Structure formats: structure tokens, C-alpha cells
Amino acid sequence: MRLIELYKSVQGESTFTGVPCIFVRFAGCNLRCAWCDSTYTFHGGQPFTEDEVVAQIKALHCPLIEFTGGEPMLHARELLPLMHRLLADGRYTLMMETSGERPLGEVPTAVHKIVDVKCPGAGEAAGSFRMSNLDCLTPRDEVKFVLRDRRDYDFARDFIREHLAHRPLAAILLSPAFLQSPSPLRIADNMELDARDLVGWMLEDNLPARLSLQIHKFIWEPQKKGV
Ligand code: SF4
């Protein structure tokens, strides 16, 4: 499998925010979201065998592992056996960040999936989310909307009401997009959408969702990699 990086930090988003975590970042993505903060994953990377990945994970001594990218499900042929092997070990909690464009039916149900639904501002909205993946969601899973503006919020609100509100999920996350060229300062003004506006809309609509700020972009400089 081709990886960009494998490192230990703390979870920056999701219901696991702040928890120490090993990140296994896969190379390549078949989407091109306008606000993507991982464009460095689109090309390159190094080949790893399953044994090499497992050895690196064991050396980091951390029970929480996130598979991310890029799009990890582009590597499903190698990733799914790796997931089964780590789950069989019994020591690990597994998470996966995915765009939801690839089919998720074969992902072990023990894996906590963080599934994006792309809003119009991503420039990938037309059919990028595979609607049949809704039936693969479990109570462990989280659905995330990255928002640039009010139009994105309206899209997310309508999608939540129509497709998610009745499903048992761990969380529905609303996350303001960050600027493509943020200041190196660790400040809220680097978010494209003012979180104060977003909170106001959520409360006004009584939306069953959770505000999610990417805390790693406040702990470190917003464009810092490997954190
Ligand atoms: S799916 Fe993720 S990695 Fe791919 S372009 Fe969108 S934000 Fe970037």
C-alpha cells in the first residue's frame, strides 16, 4: 500500500478529539475538494507492506488508529485485510476518514467511520457521495459536513433532516472550512466560515449536529503537516 506518512499525534476532530492517535495517511484521492487541506497526498508516497505498517504501529504504542488520506478506500484491497488483522489483535480501536465516494459495505463494522458528505462549496457535490453508503452506517459512525458558507449550511441541514436525523449515529459534525492560504497564526479568522454564525444557525434550526473545529489547526500552525 502507498502511504504519505504514519505518525502519532492527538485526534484533531470527531468525537475522539484530543485523544492520542496513530495516523496512517494513504496516498491519492479521486476527488478535488476546493478547500482540501491534504493536497500533498495527491501524488507520491512510499510503498509499505502490511507487515511494515503493523510493525510501525506497534512501535508507536497507541491503541487508537486512524486511516486517512487522501482517500483510504482507494486502497481497499490492502486496507481491509490490515483492518481485520489489527482488530483480531484485540488492542486497537480503528477509525477511518473517508469521502464516502467509494463503497463502504466491506469495512468491518467495528471500525469507526467518519464519512464526509460534500457540500456545494467543495465543488464535488454532484454525486460524489455514494447514497447507498447510508445503509452501511452504524451507531459508531460519524457523518461530517465541511462548510464554507450559508449555502453549504443549508445543504447540510436539508441532508441531515432528510437522510440522517432518524439514524443512530455517534455524531453529525459541522466543520467550518479553513482558508486555502491561512495566516500562520493559530486563530479563528483562518476559518472560511465564522463559527459564531454557524452556531447561531444550528441553534435556530435545532439541528441534531455537533460543531467540530479542527483543533490541530489551533494547537499548531494551520498548514503544519504530520500533527
Ligand atoms: S476527499 Fe479529502 S483528500 Fe480528497 S480532495 Fe476532498 S478533502 Fe482532499
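**Figure 1. H61, in the loop between helix 1 (50–60) and strand 4.** In this predicted model, H61 takes a positive phi of about 50 degrees despite not being a glycine. That's worth a look, since most residues other than glycine have a negative phi. Is H61 buried or exposed? It counts as exposed, with 10 C-beta neighbours inside 10 Å.

**Figure 2. S14, in the loop between strand 1 (2–10) and strand 2 (20–26).** Here's another non-glycine with a positive phi, this time about 80 degrees for S14. How many other C-beta atoms lie within 10 Å of S14? There are 22, so S14 is buried, the cut-off for that being 20 or more.

**Figure 3. The cis peptide bond from G69 to G70.** Omega for this bond is near 15 degrees, while most peptide bonds are trans. As for where we are in the chain, G70 sits in the loop that links strand 4 (64–68) with helix 2 (76–89).

Figure 4. Starting at the N terminus, the order of elements is β-β-β-α-β-α-β-β-β-α-β-α-β-α. The radius of gyration is 17 Å, close to the 17 Å that the globule rule gives for 227 residues, so the protein is as compact as a globular protein of that length. Along the principal axes, its C-alpha atoms fill a box of roughly 50 × 40 × 30 Å. Buried residues account for 37% of the 227. Of the contacts between residues at least 6 apart in sequence, 71% join residues at least 24 apart.

Terms used
Residues are numbered from 1 along each chain as its sequence is written. This is a predicted model: local features need pLDDT of at least 70, side-chain atom pairs count only at pLDDT 80 or more; totals for chains, interfaces and linings use all residues. Helices (H or I, at least four residues) and strands (E, at least two) are DSSP runs, numbered from the N terminus. The radius of gyration is taken over C-alpha atoms; the globule rule is 2.2 Å times the number of residues to the power 0.38. A residue is buried if 20 or more other C-beta atoms lie within 10 Å of its own, exposed if 12 or fewer, and partly exposed in between; C-beta atoms are placed from the backbone. Two residues are in contact if their C-beta atoms, placed from the backbone, lie within 7 Å.
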